[in-house]
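Trainee: I would like to learn how to read a model of this kind. Please take me through it feature by feature.

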Amino acid sequence: MNTPFTDVELSRIRADFPVLDQKAHGKPLVYLDSAASTQKPRVVIDAISRLYAEDYANVHRGVYQLAERATRAFEAGREAVRRLLHAPDAREVILLRGTTEAINLVAQSWGRQNVGPGDEILITAMEHHSNIVPWQMLCAERGAKLVVAPIDDDGALVLDELERLVGPRTKLVAAVHVSNALGTVNPVREIAEIARAAGARVLIDGAQAVARTPVDVREIGCDFYALSGHKLYGPSGIGALWGRADLLEAMPPWQGGGEMIETVSFEKSTWARIPQKFEAGTPHIAGGAGLATAIDYLESIGVERIGAHEDALLAYATEALRAIPGLRLVGTAPVKAGVVGFVLDGIHAHDVGTILDREGVAVRAGHHCAQPVMQRFGVAATVRASFGLYNSREDVDALVRGLRTVVEVFS
Amino acid sequence: MSTELRELYQTVILDHYKKPRNYGRPAGADRQAEGVNPLCGDHVHVYARLEDDRVAEVGFEGSGCAISTAAASLMTQAVKGHTTGEVDALFERYHELVTGRGDVDPESLGKLAVLAGVREFPARVKCATLAWHALHAALEGAAEPVSTE
């Protein structure tokens, strides 16, 4: 049942996160920056410690028992991502540093092979820099063109415009599932359908989505889906690219080194099969173990219920913030995740962030790695409060109290 | 509200934020530089006219937070009429003031002393020094925007 958490459930969840039990400037810490990175439950911290304390060795090559255990712990991360994305085959899951690396892999491997002069890459106006810059680099190298589908004044994608912009030269449509700056949830199925109809490939940046929205890559109909461990209550430095097996098989390796080869001689090397073909070097082994545990943790609570909890907090926060004079919300799309961006009349986001910090409230102030989004809304920066599964209405109340202090300082 | 916050956002600073002095490009400005903070997207343009190595006119434009705007405004007042060497020396002592390093006497910095509260907020030192870096670049005749990073 997709209902928000009860008070009892929420206090049990909060107790899973040791970091929350501390003070900031003498006030209880109110962490409202989960869109930047989520905190880690005890089980994830323990899984990482246990890997190093009991099961550590290099992976995929040891013949001894310890190496087998390390490999199993790391590979559990791959299998967990497969489950989370409802992907058919764990070989389609490449374990990487995170979403940024996943997108760069596609740009540099698939992109260099498939994008040529005059071709087009279509993105949306709400992308994170990590889903803009790799394509700009590819376009500059290949003589291709970056095309941007617009968003409306609420921060929602204008789907008709996207459809109009997809053409015979469009090789790839790369879109974010959930916007980190605006909270907008994109209609990824429709986007993929439009792209496929035009013969284009589809990449979805799922960094912000997977911890609150059930994802089924086949149901979406995308070709690539990228995610980060640190945004789903797992470690930083580990993430994944899911790609359709036939595409991955046809793509050239991205980085050369150990792990990714089948045979090496000075004359010629041959490549390992997927996923190892794209995993040169010793990976973040403990990261894989932590990722597996984080996904287990998410599943034990239920991604749908986390989404419902965030939706309820979003509605509560939106109403409370709208009551503050001089506050303008930035990002008011009809379908949103637990992200509230806003500006205060005549008060810079950084000053808001500093004052809130002294009240114990941690929010993000800045451009959120989405400068084009800031330009679209005519602001230099916004304040962003974002929710995770551990946030409560009391956290929102603390934010509102803090904002009243901000207004008082500047009055 | 904490005393650190009160000290940071004191009346003089808020006054310079809301009514920045020497805002705009002064007539005859022959030096300029841009300062950007890539972390927050803040930017400031600093303009100056030198006469015999002395800052005859100085002004700034840009958008930023209360600290960076007030710091730019106060800076323009503090450097006017001084030689480039004096400006550099002042920047050095000002830097010590806002970072809390060194043992600079705030009194010796005149009105700039109101920015001493920044030392309690390490994340905001870049705000307080952005315009100064740009001024330094302008006086040096740098062609590229200066960055806090």
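This is a predicted model: local features need pLDDT of at least 70, side-chain atom pairs count only at pLDDT 80 or more; totals for chains, interfaces and linings use all residues.

Trainee: How many helices and strands does chain A have?

Mentor: Helices (H or I, at least four residues) and strands (E, at least two) are DSSP runs numbered from the N terminus. Chain A has 14 helices and 17 strands. Its radius of gyration is 22 Å, close to the 22 Å from the globule rule for 411 residues, so chain A is as compact as a globular protein of that length. The radius is taken over C-alpha atoms, and the rule is 2.2 Å times the number of residues to the power 0.38. Along the principal axes, the C-alpha trace of chain A spans about 75 × 55 × 40 Å.

Trainee: What share of chain A counts as buried?

Mentor: A residue is buried if 20 or more other C-beta atoms lie within 10 Å of its own, exposed if 12 or fewer, and partly exposed in between, with C-beta atoms placed from the backbone. In chain A, 53% of the 411 residues count as buried.

Trainee: Which elements of chain A touch chain B?

Mentor: Contact between two residues requires that their C-beta atoms, placed from the backbone, lie within 7 Å. By that rule 16 residues of chain A are in contact with 17 residues of chain B. On the chain A side, α12 (349-358), α13 (371-376) and α14 (393-410) each give two or more residues. The largest share, 5 residues, comes from α12(A). By class this side has 6 nonpolar, 8 polar and 2 charged residues. Ala, Val, Leu, Ile, Met, Phe, Trp, Tyr, Cys and Pro count as nonpolar, Asp, Glu, Lys and Arg as charged, and the others, Gly among them, as polar.

Trainee: How do α4(A) and α5(A) lie to each other, roughly parallel or perpendicular?

Mentor: Axes are lines fitted to C-alpha atoms, for helices over the stretch in contact, and angles run from 0 to 180 degrees between N-to-C directions. Angles under 35 degrees count as roughly parallel, over 145 as roughly antiparallel, 65 to 115 as roughly perpendicular and the rest as oblique. The axes of α4 (residues 99-114) and α5 (residues 133-142) of chain A come within 9 Å and cross at roughly 20°, and the two helices are therefore roughly parallel. I103(A), N104(A), A107(A) and G111(A) of α4(A) meet P134(A), W135(A), M137(A) and L138(A) of α5(A). These residues divide into 6 nonpolar, 2 polar and no charged.

Trainee: Which peptide bond is cis, and which residue of chain A has a positive phi although it is not a glycine?

Mentor: Most residues other than glycine have a negative phi, and most peptide bonds are trans. Here a cis bond joins I274(A) and P275(A), with omega about 0°. P275(A) is in the loop between β12 (269-271) and α10 (285-301) of chain A. E259(A) has a positive phi of about 75°; E259(A) is in the loop between α9 (245-250) and β11 (261-264). With 19 C-beta neighbours inside 10 Å, E259(A) counts as partly exposed.

Technical notes:
Residues are numbered from 1 along each chain as its sequence is written. Chains are lettered from A and ligands numbered from 1 in the order in which they are written.
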